[in-house]
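I am opening my notebook on a structure that is new to me. Come along while I look up a few things.

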Amino acid sequence: MPSWHPSSWQEKTATQQPTYPDDAVTARVVEQISRLPPLVTSWEVEALKAQLGQASRGEMFLLQGGDCAESFDECHPDGITAKLKILLQMSLVLMHATRKQVIRVGRLAGQYAKPRSADTETRGDVTLPTYRGDLFNRSGFTDAERTPDPELMLRGYERAALTLNFIRALSDGGFADLHHPEYWDLSFVAHAHRRADYARIVDQIRGSVAFMEAITGTQLEEMKRVDVYTSHEGLALLYEQAQTRRVPRREGFYNLSTHYPWIGMRTAQVDGAHVEYFRGIRNPVAVKVGPGMTAEWLTQLVDVLHPDDEPGRLTLIARLGHDRVEELLPPLIETVRATGRTVLWTCDPMHGNTEKLDSGVKTRRFDNILSELQQSFEIHRRMGSVLGGVHFEMTGEDVTECIGGARGLSEQDLQRAYRSSVDPRLNYEQALEMAISITGQLGELERAGASR
Ligand code: PEP
Ligand code: CO
């Protein structure tokens, strides 16, 4: 392999990047970010990698979720707390079903850049650069707002730091304490159709904790805090490069802007700049695997990104669609098997199930999302493989972006609180319901594991 350094990607074709007006200004911003403190540490990154290795063997389970795109404006306490709450509640449900530790990873503190299908957008007779996320430009339709501004990378770094600071404080203090799962209830949970199911799970957990503490005669300190890791699509390569560092007493380079970056489906070309950048960092990394993935392509990706078969290094996030997963997933599992390497397979049941309604609104149907998930569990089970995690676009808030779920959201309801400027997310109730809906299959996994 040719030698690698944090900017060697610049010798390759980098798609989905903005064209900044002034290279000198851009270089100055990158230099500035590279001198600021890291957002995460290599200790955390390595701890997560080891846990993902366990998930790839079916010993832990990964829950990854959050917004399609974070926005700078929505960096406020309520939104962040709501995201943490839904992540904690879902993980509680999943832990209860699998009897395994759940690794919690947010799509947050850096999920500010989006791949787009077109470079420009035309309204009437005006054509402007497309909106690529708050890290690159602004969504308003004026020349000034759409012109990529490198200063936004600095603003993004700061927003990510503010978000992460609050998340860390909440997960370390009393908020995440398993003795008090009632802290996580949301104001509108009282109306949730799955309230009773969730309450039953919480009661059982509370009972188990009390039982353990009665036996041991101590308070279980481990129950009082949780780990929450961050992830985002590593799309904006200058931003990623600026936070790629060597650390004392460890080999190689770490991307310290996030624990666990992923390569999106549109930028996963083996000879492209994104794969070049990702191959050299020591973080655990993920790649989205869509319907266009071929056996040859996947084999090359595994070779380039996962040459040493290091446990937890590579995650493949399949996003194939409920109507194609049965046809497409089994050969992909076989392909990876033939490489002789172990990956963590997870399922993103969101991105293969997006549809556009006649009204032009983008949505996803709860039943299709659940169906892709259920089929994926079944395919892995049948093939003696492990589905070690799930990946959702979701929010802790009461939005109406996806159709269906126990409350029966319809096309008409979407107008009420459609807030995503990009992909439609599961709302609080739908996300919790999704977790509860797969507990049956997760329970089967747990039983199969116990009898092995
Ligand atoms: C995303 O995760 O928001 C995304 C754009 O996914 P994909 O690359 O799988 O289309
Ligand atoms: Co998305």
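**Around the ligand**

I began at ligand 1, where one of its oxygen atoms is 2.8 Å from a polar backbone atom of Met265. I kept in mind that this is a predicted model.

Next I looked up the side chains. Lys114 has a polar side-chain atom 2.8 Å from an oxygen atom of ligand 1. For Arg266, a polar side-chain atom lies 2.9 Å from an oxygen atom of the ligand. I then checked the area: ligand 1 taken alone exposes 300 Å², and the protein buries 97% of that.

Which residues surround ligand 1? I noted Cys68, Arg107, Lys114, Pro115, Trp262, Gly264, Met265, Arg266, Lys288, Arg319, His351 and Glu393.

**Helices H10 and H11**

I moved on to a helix pair. The axes of H10 (residues 325-339) and H11 (residues 366-382) come within 10 Å and cross at roughly 40°. I wrote down that this crossing is right-handed. On the H10 side, the contact is made by Val325, Glu326, Leu329, Pro330 and Ile333. H11 brings Glu372, Gln375, Ser376, Ile379, His380 and Arg382. By class I have five nonpolar, three polar and three charged residues here.

**Helices H11 and H12**

H11 also packs with H12 (residues 428-437), at an angle of about 30° and with the axes 11 Å apart. Is the crossing of H11 and H12 left-handed or right-handed? I found it right-handed. Phe366, Ile369, Leu370, Leu373 and Gln374 of H11 meet Gln430, Glu433, Met434 and Ser437 of H12. I sorted the residues of this contact into five nonpolar, three polar and one charged.

Terms used
Residues numbered from 1 in each chain as written. Chains lettered and ligands numbered in written order. Predicted model: local features only at pLDDT ≥ 70, side-chain atom pairs only at ≥ 80, totals over all residues. Heavy atoms only, no water. Axes fitted to C-alpha atoms, helices over the stretch in contact; angles between N-to-C directions. Helix = DSSP H or I, 4+ residues; strand = E, 2+ residues; numbered from the N terminus. Left-handed = near helix turned anticlockwise from the far one by under 90°. Contact = heavy atoms within 4.5 Å. Nonpolar A, V, L, I, M, F, W, Y, C, P; charged D, E, K, R; others polar. Near = heavy atom within 4 Å. Polar contact = N/O pair within 3.5 Å; in protein donor to acceptor, adjacent residues only side chain to side chain. Areas by Shrake-Rupley, 256 points an atom, 1.4 Å probe, with all protein chains shown as cover.
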